Amino acid sequence: MAWLWRWGPVLGCMAAIFYESSQSRVPELPAGLSNHTGHFIAYGVFAACVLRALAANWSGVTMWTAAATVLIASAYGVTDEFHQRFVPGRFSGADDWLADTLGALAVAAIALPIARRKDLGSRFRTK
């Protein structure tokens with residue numbers, strides 16, 4: 001059950017991304033958001049779920065788990081773009097993949113200093 005609690009959101013994000021990529025019509029984004037912004041946000045959320053699953057808690061957020069998170073999200077972005085090549089009316093592009101990767105990178109870059117601050121704070125309080 002613990003595995004499902006940690007990895008269920010990751011699988012849910014993957015399924016949602018796959019579903020949206022399977023649609024022939026590109027979904028409408030809220031006013032003012034570009035396609036690339038949509039990719040950035042979607043893969044940022046996906047990366048947050050992956051980081052949560054890999055790290056389990058704030059002390060588990062390390063440079064290694066952050067790098068693995070970006071690598072996993074970026075790799076899934078590649079498979080998503082490849083998948084879109086076979087969906088009528090959809091196109092794949094390196095620019096979309098770059099937005100995916102940057103979204104994951106942003107989450108990792110934000111999470112690392114937060115985790116370090118929380119880790120240092122807990123070490124200070126226990127002494």
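Colleague: How many helices and how many strands make up the secondary structure of the protein?

Modeller: Read from the N terminus on, the elements of this predicted model run α-α-α-α, and the C-alpha atoms fill a box of roughly 60 × 35 × 25 Å along the principal axes. The secondary structure therefore comes, with helices and strands taken as DSSP runs, to four helices and zero strands.

Colleague: Is Cys-49 buried or exposed?

Modeller: Cys-49 has its place in helix α2, and, leaving aside neighbours within four places in sequence, it is in contact with Arg-6, Pro-9, Val-10 and Cys-13. A residue counts as buried when its relative accessible area is under 20%. The relative accessible area of Cys-49 is 15%, so this residue is buried.

Colleague: And which class of accessibility does Ala-56 fall into?

Modeller: Ala-56 is found in the loop between α2 and α3, and its phi is near 75°, a positive value in a residue other than glycine. Buried means under 20% relative accessible area and exposed means over 50%, with partly exposed in between. Because the relative accessibility of Ala-56 is 47%, this residue counts as partly exposed.

Colleague: Which helix gives the most to the lining of the largest pocket?

Modeller: The largest pocket holds about 350 Å³ of space, and 18 residues line it, with Glu-20, Pro-27, Gly-38, His-39 and Ala-42 lying nearest its centre. At least two residues of the lining come from each of α1 (2-21), α2 (35-55) and α3 (63-84). With seven residues, the helix that gives the most is α2.

Colleague: What share of the residues in the protein is buried?

Modeller: In α3, the buried residues include Thr-65, Val-70, Tyr-76 and Gln-84, and Cys-49 is likewise buried. For the protein, with its 127 residues, the buried share is 35%.

Conventions. Residues are numbered from 1 along each chain as its sequence is written. This is a predicted model: local features need pLDDT of at least 70, side-chain atom pairs count only at pLDDT 80 or more; totals for chains, interfaces and linings use all residues. Side-chain values use heavy atoms; hydrogens and water are left out. On a 1 Å grid over the protein atoms alone, a cavity is a set of points where a 1.4 Å probe fits but cannot get out, and a pocket is an open set with protein on both sides within 12 Å along at least five of seven lines; lining residues have an atom within 4 Å of a point. Grid points are joined across faces, edges and corners, and a volume is the space filled by probe spheres set on the points. Buried means under 20% relative accessible area, exposed over 50%, partly exposed in between (1.4 Å probe, protein chains only). Contact means heavy atoms within 4.5 Å.
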